[in-house]
Amino acid sequence: MIRPATKEEAERFISLSAKEQGVSLRYDPQGAYYVYEKDKEVVGVVCLKQLSFYLGGLKHLYVLPSQRRKGIGMALVKRAIEDTRLPVICATVLKENQASLSLLGKAGFKECGAFKSPITGRELIWMVYQK
């Protein structure tokens, strides 16, 4: 079941994601967070934030390692896309995160470029989805 996340649920998963990726991530109070609940346990999260009148940013997609490759990430991404009226959604993904790049590609996102993070120096892939 996918439902809106509480702040505490979102913060817990953001912390797990940050540790796994070795990056600093923070809860965004202006984002719409969703969680995937399985057997009364939250196993995944995603956020969609409106960046302008036409553009949204998909971020903080994270699924517990034990629950990956079961369609949970795809279900979360699709729900975020379905629930917005924004015609364009972007995402940045670490180049080494092949699982997320593949998932977003299957969801209809297109790779549009690459750049190095000015903070970490790690390479990021810029992806865009257009309704």
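Leu-55 stands opposite Val-88 in β5, where strands (E, at least two residues) and helices (H or I, at least four) are DSSP runs numbered from the N terminus. This bridge belongs to the parallel pairing of β4 with β5, which extends over three bridges; two strands are taken to pair if DSSP finds at least two bridges between them. The model is a predicted one, in which local features need pLDDT of at least 70 and side-chain atom pairs count only at pLDDT 80 or more, while totals for chains, interfaces and linings use all residues. Residues are numbered from 1 along each chain as its sequence is written, and side-chain values use heavy atoms, with hydrogens and water left out.

β4 is also joined to β3, in the antiparallel sense, by six bridges. The bridge partner of Gln-50 in β4 is Gly-56, and a hairpin of four residues connects β3 to β4. Seven of the nine residues of β4 are buried, that is, under 20% relative accessible area with a 1.4 Å probe and protein chains only.

β3 (residues 41-50) pairs with β2 in the antiparallel sense over seven bridges, with Glu-41 as the β3 partner of Lys-38. The hairpin formed by β2 and β3 has two residues between the strands, and Asp-39 in the turn has a positive phi of about 50°. β2 (residues 32-38) pairs in turn with β1 (residues 2-4), again antiparallel, over three bridges; here Ile-2 stands opposite Tyr-36.

Overall, the protein contains three helices and seven strands, in the order β-α-β-β-β-α-β-α-β-β from the N terminus. Its radius of gyration, taken over C-alpha atoms, is 14 Å, close to the 14 Å that the globule rule gives for 131 residues, so the protein is as compact as a globular protein of that length. The rule is 2.2 Å times the number of residues to the power 0.38. Buried residues make up 44% of the 131 residues.

The largest pocket has a volume of about 1,400 Å³, the volume being the space filled by probe spheres set on grid points joined across faces, edges and corners. A pocket is an open set of points on a 1 Å grid over the protein atoms alone, where a 1.4 Å probe fits, with protein on both sides within 12 Å along at least five of seven lines; lining residues have an atom within 4 Å of a point. The lining comprises 43 residues, of which Gln-21, Leu-61, Val-93, Asn-97 and Ser-100 lie nearest the centre. Elements giving two or more residues to this lining include α1 (7-21), β4 (55-63) and α3 (98-106).

Technical notes:
Buried means under 20% relative accessible area, exposed over 50%, partly exposed in between (1.4 Å probe, protein chains only).
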